[in-house]
Every structure is written in C-alpha cells, then in structure tokens.
Amino acid sequence: MAETGASPLPSTPPARSPLTRAEHFVWLTARVLEQRLFAYHFLQGGADPVDTALDAYRNDDGGYGHALEPDLRGPVSQPLHTAHALRVLDALGRCAGQRVERVCRYLTSVSTADGALPAVHPSQRGYPAAPFVPIVDDPPSDLLATGPVVGLLHRNEVWHAWLFRATDFCWHRIETLEKSHPYEIEAAVAFLDFAPDRARAEAAADRLGRLVREQRLAALDPDDLDAYPVAPGYAPGEHHFPCDFARTPHSLARAWFTDAEMARSLDHLMSEQREDGGWPVRWRQWAPGSALETRPMVTIEALRTLRAYGRAIG
C-alpha cells in the first residue's frame with residue numbers, strides 16, 4: 001500500500017495511434033487541399049471544402065495545373081494533373097456533370113493521334129518538371145496516363161466520345177503487354193477494376209497477375225528485398241508491394257497474392273510510418289518543394305489502404 005500523502009505515479013500517456021500521428025504531420029506540412037482531404041476521409045469533414053480547394057487548380061481549358069501533381073510545376077494543364085483531380089472528385093462522389101464534361105473536352109484537345117493521353121503534354125516546356133519526366137514535341141500515348149482516367153470515368157458512368165478510342169487503346173495496350181514495370185501495371189489495374197466488360201477485365205487481370213509474378217514486379221517478402229529487382233529508371237529501393245497493386249480488397253489485383261503475402265505487405269506499409277507521422281515517398285526526389293507536397297498525399301493513401309483492409313489505424 002502506498003504511503004499516506006505520497007504523490008501518485010504519473011499515468012502512462014496513451015500511445016498515439018497511426019491516425020493521430022498522421023494528422024499532426026498533415027497539419028504541419030500539407031497543402032490546403034490535402035488538409036481538407038484528410039479531414040474529409042478521417043475526421044468527418046465535409047466535401048465542399050475539398051471541392052473549393054481543388055477548384056484553385058482548375059484552368060479555363062477544363063484541365064488542371066498549378067502543380068496539382070507536384071512533380072510537374074507551373075500553371076499549365078496536364079493529363080497527370082487532371083487525372084489527380086478526377087481521383088479527388090471520385091472520392092467526393094462528384095465525378096459528374098458539366099465540370100467533367102469540360103474535363104473530357106480538355107482530354108480530347110491533348111490526346112495523341114490514337115485517341116489516348118501522353119504522359120506529359122509539350123505545353124509543360126519552359127516550366128520546372130522532374131528530370132525523369134521527358135518533355136518531347138510529339139509524345140506517344142501512355143497507359144500510365146490514360147488507364148486511370150478512363151477507369152475513373154467508367155466507374156462514374158461518364159459517357160463521352162473521347163472514351164471510345166481511349167478505352168480501345170487501354171484494352172490493346174494491356175492485352176499485348178509482355179514486359180512492363182510496376183507503375184504501368186498499377187495503371188492497368190486502375191482501368192481494369194472499372195472497365196465495363198467485366199469478363200474481359202478478369203481475363204486480362206489474370207494474365208497480368210502471372211506477368212507480375214514471373215517478372216518479380218511485386219516484392220512479396222519485405223524482409224528479403226534483394227530478391228526483387230528494382231525496375232530500370234526507378235530510384236534505389238523503389239519497390240512495389242502487393243498492396244500497391246491492390247489498393248482495396250475488391251481490386252482484381254487482390255487475387256494475385258496469397259493472404260500471407262498481402263498480410264506481410266500491409267504489415268510493412270504500417271511499419272513505414274515515420275517518426276514525424278508521415279509516410280515516405282519511395283520514388284526519386286528532385287526538389288524540396290515537390291518532396292514536401294508529396295508526402296502528405298502518400299500518407300493519406302497509405303491510411304486509406306490500411307483502412308480498406310481493416311487495419312486499425314486509430
């Protein structure tokens with residue numbers, strides 16, 4: 001029994017949850033858009049403030065610019081910025097109406113000869129951009145840029161003339177892939193998860209899953225990363241894990257991995273949270289501003305993935 005009058009021992013402070021730590025990180029470092037997104041996804045914040053913050057990036061041509069995707073700086077609209085905007089609108093349930101009609105007109109205006117999107121439109125020339133993003137006068141069609149946009153538009157049942165040829169491009173590129181890299185596969189999954197022809201999508205996803213395993217594009221054992229080669233042009237240690245390909249349990253890519261492989265992947269994702277509360281950016285960093293802006297985005301996506309799989313984040 002404690003002595004009468006003795007000072008009680010201080011209570012042990014409660015452990016800070018991953019979500020609480022991430023919230024501190026977001027308020028400390030994030031742009032207004034990511035602050036509003038974090039509040040929307042995790043703090044019961046409203047959709048209108050997110051929408052208002054996103055609108056600051058919209059241009060008169062219907063596309064989005066102003067470094068919405070931090071590796072492309074400057075005011076001009078770009079396909080990658082516009083894809084990012086569509087992801088935000090989809091998360092809000094607002095990927096519809098005249099705004100998306102204007103987006104589709106913009107996509108039509110910057111499409112390549114075969115009706116798809118380039119990774120970077122030449123209008124970026126003269127503005128800062130990541131050195132690993134080439135700017136050429138006549139850029140080719142790119143699945144990495146086209147697949148996620150087409151997938152989101154199909155998910156939201158948007159119908160526009162631009163979609164027909166862009167959808168055909170995605171099918172052809174995915175069904176003829178022989179050699180690929182993780183980001184391209186992730187773009188393919190973003191298309192296949194919402195493509196209207198479900199039987200065809202399931203068949204294509206099954207083939208891609210075999211390709212991913214044969215070419216060791218997914219690091220299946222985070223404790224033995226040396227066994228998995230990093231794709232050419234990627235940063236050292238820029239591995240991709242099962243939960244990067246299957247962001248939710250409902251993704252077609254989930255069938256590519258065993259329960260044990262996915263569990264290890266999610267354990268590793270949880271362990272990557274840094275002491276400051278944020279998650280790291282795995283790809284090559286080239287400027288302090290873009291690195292600072294990207295980490296809150298990566299942090300929000302990590303939390304959403306963990307929550308989608310039922311992991312306790314706080």
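Student: How many cavities of 30 Å³ or more does the count come to?

Tutor: The model is a predicted one, and the count comes to 1 cavity of 30 Å³ or more.

Student: What volume does the largest cavity have?

Tutor: The volume of the largest cavity is about 70 Å³.

Student: Which residues line the largest cavity?

Tutor: The lining includes P182, R216, L217, A218 and A219. Also among the lining residues are Y228, P229, A231, Y234, E238, H239 and H240. By class, the lining holds 8 nonpolar, 2 polar and 2 charged residues.

Student: Turning to the helices, at what angle do α2 and α12 pack?

Tutor: Helix α2 (residues 32–42) packs with helix α12 (residues 288–308) at an angle of about 10°, and their axes are 10 Å apart. The two helices are therefore roughly parallel to each other.

Student: Which residues make the contact of α2 with α12?

Tutor: From α2, the contact is made by E34, L37, F38, H41 and F42; from α12, by P296, M297, I300, L303, R304 and R307. These divide by class into 7 nonpolar, 1 polar and 3 charged residues.

Student: And α4 and α5: at roughly what angle do their axes cross?

Tutor: The axes of α4 (residues 79–92) and α5 (residues 97–110) cross at roughly 160° and come within 11 Å. That makes α4 roughly antiparallel to α5. The crossing of α4 past α5 is left-handed.

Student: Which residues make that contact?

Tutor: P79, T82, L86 and L89 of α4 meet R99, V103, Y106, L107 and V110 of α5. By class, the contact of α4 with α5 has 7 nonpolar, 1 polar and 1 charged residue.

Key: Residues numbered from 1 in each chain as written. Predicted model: local features only at pLDDT ≥ 70, side-chain atom pairs only at ≥ 80, totals over all residues. Heavy atoms only, no water. Axes fitted to C-alpha atoms, helices over the stretch in contact; angles between N-to-C directions. Helix = DSSP H or I, 4+ residues; strand = E, 2+ residues; numbered from the N terminus. Parallel < 35°, antiparallel > 145°, perpendicular 65-115°, else oblique. Left-handed = near helix turned anticlockwise from the far one by under 90°. Contact = heavy atoms within 4.5 Å. Nonpolar A, V, L, I, M, F, W, Y, C, P; charged D, E, K, R; others polar. 1 Å grid on protein atoms, 1.4 Å probe; cavity = no way out; pocket = protein on both sides within 12 Å on 5 of 7 lines; lining within 4 Å. Points joined across faces, edges and corners; volume = space filled by probe spheres on them.
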